[in-house]
Amino acid sequence: MQEITRIGRQHLAEHGAAALSLRAVARDLGVVSSAVYRYVASRDELLTLLLVDGYDELGAAVDSAVEEVAETAFRERFLTVGRAVRSWALREPATYALLYGAPVPGYAAPEDQTTGPGTRVPATLLAITAAADAAGCLDPVAEAPAGETLASGLAGVRTQFDIDLADGILVRGVLAWVSMFGAVSFEVFGQYGPDRLGDPVELFERQLSGLADGLGLRDA
């Protein structure tokens with residue numbers, strides 16, 4: 001299975017997700033296609049395998065980086081998440097594109113297999129935010145209360161992640177998450193232009209710092 005995943009990711013990089021083929025993977029493995037079908041029954045199953053593998057690899061990279069930072073250094077832990085996501089995405093752009101790029105035509109990811117791995121990074125961000133809130137290291141930010149429909153959606157987030165955060169903090173957390181990944185996507189997909197604005201590292205650090213400010217994060 002590891003070899004199937006390795007060759008599958010290689011094909012992602014060379015041909016893109018839409019052109020992924022089990023027959024081509026079997027050919028590069030040096031086996032008949034029926035041998036691969038014993039492990040992966042279809043192209044969609046191969047895509048799911050690659051999705052889960054990518055999410056888990058990204059989640060592990062983030063967890064490993066955050067573990068090196070003191071538990072009460074909440075702001076630094078948040079910044080570390082962003083840096084780890086960016087580093088992994090630039091190292092694995094094809095897999096990042098599968099996870100966060102355009103949907104693959106004709107493929108729908110099975111929620112029961114991909115939701116857990118796919119929410120590892122936001123779960124880490126929420127855990128950091130909740131720990132900072134509990135420690136009194138989350139500065140209050142004046143904001144309007146959430147509307148009824150949004151409040152209902154936020155209640156679902158609290159249930160899904162088993163976390164107790166006020167609506168306003170959850171909104172800030174969600175916006176920080178999507179903004180972080182938006183900045184990473186802009187760089188990975190070349191949206192800054194050929195010169196990447198000269199210094200994409202400084203630009204990203206400024207983005208991360210602004211997001212931490214927006215959340216109100218402080219180190220203990």
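**Entry 1: Arg86.** I am working from a predicted model. I began with Arg86, which sits in helix H5, residues 74–91. Is Arg86 buried or exposed? I found a relative accessible area of 13%, and because buried means under 20%, Arg86 counts as buried. Next I looked up its partners beyond four places in sequence: Arg86 is in contact with Val184, Glu187, Pro200, Val201 and Phe204.

**Entry 2: the core.** I then turned to the largest nonpolar core, which has 56 residues. Leu46, Val62, Phe78, Val81, Val85, Leu98 and Val121 have the most contacts inside it. With residues up to four places away left out, Val62 touches Val81, Ala84, Val85, Val121 and Thr124.

**Entry 3: the largest pocket.** I noted a space of about 370 Å³ for the largest pocket. It is lined by 21 residues, and Gly118, Thr119, Pro122, Phe161 and Trp177 are the closest to its centre. Which helix gives the most to this lining? I found that H10 does, with 5 residues. By type, I have the lining down as 14 nonpolar, 7 polar and no charged residues.

**Entry 4: the second largest pocket.** My last stop has a volume of about 160 Å³. Among the residues that line the second largest pocket I listed Leu51, Tyr55, Leu98, Leu99 and Tyr107. Helix H4 (43–66) and H6 each give two or more residues to this lining. I wrote its make-up as 10 nonpolar, 1 polar and no charged. Leu98 turns up in two of my entries: it lines this pocket and is one of the core residues with the most contacts.

Methods:
Residues are numbered from 1 along each chain as its sequence is written. This is a predicted model: local features need pLDDT of at least 70, side-chain atom pairs count only at pLDDT 80 or more; totals for chains, interfaces and linings use all residues. Side-chain values use heavy atoms; hydrogens and water are left out. A nonpolar core is a set of buried Ala, Val, Leu, Ile, Met, Phe, Trp, Tyr and Cys residues joined through side-chain atoms within 4.5 Å. Buried means under 20% relative accessible area, exposed over 50%, partly exposed in between (1.4 Å probe, protein chains only). Contact means heavy atoms within 4.5 Å. Helices (H or I, at least four residues) and strands (E, at least two) are DSSP runs, numbered from the N terminus. On a 1 Å grid over the protein atoms alone, a cavity is a set of points where a 1.4 Å probe fits but cannot get out, and a pocket is an open set with protein on both sides within 12 Å along at least five of seven lines; lining residues have an atom within 4 Å of a point. Grid points are joined across faces, edges and corners, and a volume is the space filled by probe spheres set on the points. Ala, Val, Leu, Ile, Met, Phe, Trp, Tyr, Cys and Pro count as nonpolar, Asp, Glu, Lys and Arg as charged, and the others, Gly among them, as polar.
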